[in-house]
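Subject: Structure for your review

Dear colleague,

Please find below the structure that I am handing over to you.

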Amino acid sequence: MAEVAHNGGGAEKEATQVAVVFTAVKPQLFVKAPKAKDAVQFYKNAFGAEEVGRVNNPKRKAEQETPLILSVELKIGSFFFIVSDLTEEDSTAPVKTATTGSVFCLDTENVISAEAKAITAGAIAEIRAENGDADGARIRSKLIDPYGNVWLICTPVKESE
């Protein structure tokens, strides 16, 4: 006679489960190779990103051609993300095409200056921030980076009184 599986399992299943704790979520942005180097520089110039770590593709020889980037970990405030080159011949990449559709929100008290810095670095403003907001709502700017990602620059949410 076949055993019947039940949702939730029994005591044996509960005893063997181990709590999983995630310590971070790090989005990874893929850009068409060899543009990751330019993307990293853009994020540094536009948003003041700090480079935390870098791994170049070991299959490329620096003296033969520009080394591709496997990953560069960047930090903006307390937010970490990864930028990588994507090539058509990389069969191990978790995605096969450099896609857009990512939206990031950066909180700052100085939206106007942050917006200006990003535009100077090459971002395109889709919605420009305006000084002063009579109803106390968040001031917000919507920018598109040269790689198709959307960056919202917003004032932080205020605690309700």
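The notes that follow cover a sheet and its helix, a pair of cysteines, a lysine in the helix, and the salt bridges. Please bear in mind that this is a predicted model.

Four strands make up an open sheet of mixed pairing, ordered β5-β8-β7-β6. Its edges are β5 (103–107) and β6 (124–127); each has a single partner strand, so one side of each is left without a neighbour in the sheet. From one strand to the next, the twist averages 30°. Strand β7 (residues 140–144) pairs with β6 in the antiparallel sense, over three bridges, and K142 in β7 is the bridge partner of I127. Helix α3 (residues 111–121) lies across β6, β7 and β8 (150–154), and runs at about 10° to β7.

The cysteines

The structure contains zero disulfides. C105 is in no disulfide, the nearest cysteine sulfur being that of C154, 3.3 Å away. C105 is partly exposed, with a relative accessible area of 43%, whereas C154 is buried at 2%.

Lysine 117

K117 is placed in helix α3 and is partly exposed, at 42% relative accessibility. Its contacts, leaving aside residues up to four places away in sequence, are N45, A46 and G48. The C-alpha atoms of K117 and F47 are separated by 7.4 Å, although the two residues are 70 residues apart along the chain.

The salt bridges

There are five salt bridges in the structure. One of them joins K26 to E73, with the closest N and O atoms 2.9 Å apart. K26 lies in the loop between α1 (11–16) and β1 (28–32), and E73 in strand β3 (residues 69–76), so this pair ties together parts that are 47 residues apart in sequence. K26 is partly exposed, at 37% relative accessibility.

E51 takes part in two further pairings. With K44, the N to O distance is 3.0 Å; with R54, the closest N and O atoms are 2.9 Å apart. Through these shared partners, K44, E51 and R54 are joined into one network.

Yours sincerely

Technical notes
Residues are numbered from 1 along each chain as its sequence is written. This is a predicted model: local features need pLDDT of at least 70, side-chain atom pairs count only at pLDDT 80 or more; totals for chains, interfaces and linings use all residues. Side-chain values use heavy atoms; hydrogens and water are left out. Two strands pair if DSSP finds at least two bridges between them. Helices (H or I, at least four residues) and strands (E, at least two) are DSSP runs, numbered from the N terminus. Axes are lines fitted to C-alpha atoms, for helices over the stretch in contact, and angles run from 0 to 180 degrees between N-to-C directions. Contact means heavy atoms within 4.5 Å. A disulfide is a pair of cysteine sulfur atoms within 2.5 Å. Buried means under 20% relative accessible area, exposed over 50%, partly exposed in between (1.4 Å probe, protein chains only). A salt bridge is a side-chain nitrogen of Lys or Arg within 4 Å of a carboxyl oxygen of Asp or Glu.
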